[in-house]
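Hello,

I am handing over the structure below, and after it you will find an account of what was found in it. Please read the two side by side.

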Amino acid sequence: MELCIQACGSATKDMATESLFTRMARSTRAIGLAIASRARADFSMAQGRFDWPDGRVYVGEYVDDIKEGVGVLTWPDGQQYDGQWKAGRQHGVAVYIRNGASRKGEWREGKRSRWLPDA
């Protein structure tokens, strides 16, 4: 069963044949970028991917179309933030990877607040 969200927001679904949490959704944003998401029927929570024109890619959780929960942001040069998100910003504990080296740190409202000691 495939759930299809069109640009106008309409949906077609056959709820009787699959679980509420296993419906697949594919939606296209007005700016032409695509998100493929595994969504609840109300689409307030989703797992998805967002690609920026500059090559950055976010793969992770969304709540009401905002990055929230756990996700990975990868830059074109290979840098990576793998951790927690809140209200669309890096917020919480994460692993930051740059030039092959990784460090664990803590972020608040999109900015790193401190590096955490190695375990």
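Which residue takes a positive phi in the hairpin of strand 8 and strand 9? It is Ala-87, with a phi near 55°, in a hairpin that has 2 residues between the strands.

Before the rest, some notes on how to read the values. This is a predicted model, in which local features need pLDDT of at least 70 and side-chain atom pairs count only at pLDDT 80 or more, while totals for chains, interfaces and linings use all residues. Residues are numbered from 1 along each chain as its sequence is written, and side-chain values use heavy atoms, with hydrogens and water left out.

On confidence, the average pLDDT of the protein (the predictor's confidence in each residue, from 0 to 100) is 74, and 63% of the residues score at least 70. Please take care with residues 1–41, where pLDDT stays under 50 and for which the model has 77 contacts beyond four places in sequence, a contact being heavy atoms within 4.5 Å.

As to the overall layout, the protein has 0 helices and 11 strands, where helices (H or I, at least four residues) and strands (E, at least two) are DSSP runs numbered from the N terminus. Of the 119 residues, 29% are buried, where buried means under 20% relative accessible area, exposed means over 50% and partly exposed lies in between, with a 1.4 Å probe and protein chains only. Among the contacts with a separation of 6 or more, 4% are between residues 24 or more positions apart.

Strand 7 (66–74) and strand 8 (80–86) run antiparallel and are joined by 6 bridges, and Gly-71 has Gly-83 in strand 8 as its bridge partner. Their hairpin has 5 residues between the strands, and in it Gly-78 takes a positive phi near 100°. Strand 8 in turn pairs with strand 9 in the antiparallel sense over 6 bridges, with Val-95 in strand 9 as the bridge partner of Asp-82. Strand 9 and strand 10 (residues 101–108) are also antiparallel, over 7 bridges; here Gly-92 has Trp-107 as its bridge partner, and Asn-99 takes a positive phi near 55° in a hairpin with 2 residues between the strands. Finally, 4 bridges join strand 10 to strand 11 (residues 111–115), again antiparallel, with Arg-114 as the bridge partner of Glu-106 and with Glu-109 at a positive phi near 50° in the hairpin.

The aromatic residues deserve a separate look. Rings of Phe, Tyr and Trp (its six-membered ring) pair if their centres lie within 6.5 Å, and planes under 30 degrees apart count as stacked, over 60 as edge-to-face and the rest as tilted. By this rule the count comes to 9 aromatic pairs. One of them joins Phe-50 and Trp-52, edge-to-face at 4.8 Å centre to centre with 70° between the planes; Phe-50 is buried at 11% relative accessibility, whereas Trp-52 is partly exposed at 21%. Trp-75 and Tyr-96 have ring centres 6.5 Å apart and planes at 75°, so this pair is edge-to-face as well. This pair links distant parts of the chain, since Trp-75 is in the loop between strand 7 and strand 8 and Tyr-96 is in strand 9 (residues 89–98), 21 residues apart. Both rings belong to a cluster that ring pairs build from Tyr-58, Tyr-62, Trp-75, Tyr-81, Trp-85, Tyr-96, Trp-107 and Trp-115.

Two polar residues complete the picture. Gln-79 is in the loop between strand 7 and strand 8 and counts as buried because its relative accessibility is 15%. Its side chain makes a polar contact of 2.8 Å with that of Asp-77, where such a contact is a pair of N or O atoms within 3.5 Å; within protein, one must be able to donate a hydrogen and the other to accept it, and residues adjacent in sequence count only if both atoms are side-chain atoms. His-91, in strand 9, is likewise buried, at 18% relative accessibility, and its side chain makes a polar contact with the side chain of Arg-108 (3.4 Å).

Best wishes

Key. Pairing = 2+ DSSP bridges.
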